[in-house]
Amino acid sequence: MMRFVQIEILPTGTALVDIDKLTHAVPEGMGTRLFLGGQHLDVPHTLDELENILAGRERGDPGEHSSAGFHMR
């Protein structure tokens, strides 16, 4: 089963992303770079906001007691 989420991308627009292909995400400028196999997308979200979006929560939800698998190293 593929799981897709629609997400804002830079410079402007949206993309439908298969979150099962997401390998990692790193801070990039004022947003985050998502790595999907051999490709990447730049999104205007912090890692915290991205975690909320991928978990199906509102972008600004504090979500202190949940995790979508993203952790700072």
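Trainee: Which residues is Ile7 in contact with, leaving aside its neighbours within four places in sequence?
Mentor: Gly13, Thr14, Ala15, Val17, Leu34, Val43, His45, Leu50 and Ile53. Contact here means heavy atoms within 4.5 Å. Keep in mind that this is a predicted model, where local features need pLDDT of at least 70, side-chain atom pairs count only at pLDDT 80 or more, and totals for chains, interfaces and linings use all residues. Residues are numbered from 1 along each chain as its sequence is written, and side-chain values use heavy atoms, with hydrogens and water left out.

Trainee: His45 is on that list. Where is His45 placed?
Mentor: His45 lies in the loop between β5 (39-43) and α1 (47-54). Those labels come from DSSP runs, numbered from the N terminus: helices are H or I with at least four residues, strands are E with at least two.

Trainee: And is His45 buried or exposed?
Mentor: Buried, because its relative accessible area is 1%. The limits are under 20% for buried and over 50% for exposed, with partly exposed in between (1.4 Å probe, protein chains only).

Trainee: What does His45 touch, beyond residues up to four places away in sequence?
Mentor: Ile7, Glu8, Gly31, Thr32, Leu50, Ile53 and Arg59.

Trainee: New topic: which residues touch the most other members in the largest nonpolar core?
Mentor: Val5, Ile7, Val17, Leu34, Leu50 and Leu54, out of 15 residues. A core is a set of buried Ala, Val, Leu, Ile, Met, Phe, Trp, Tyr and Cys residues joined through side-chain atoms within 4.5 Å. At least two residues come from each of β1 (4-8), β2 (14-18), β3 (22-28), β4 (31-36) and α1, and α1 gives the most, four residues.

Trainee: How many helices and strands are there overall?
Mentor: One helix and five strands, following β-β-β-β-β-α along the sequence.

Trainee: What about the three-strand sheet?
Mentor: That sheet is open and antiparallel, in the order β3-β4-β5. β3 and β5 are the edge strands, each pairing on one side only. Pairing needs at least two bridges found by DSSP; β3 and β4 have six. In that pair, His24 stands opposite Phe35 of β4.
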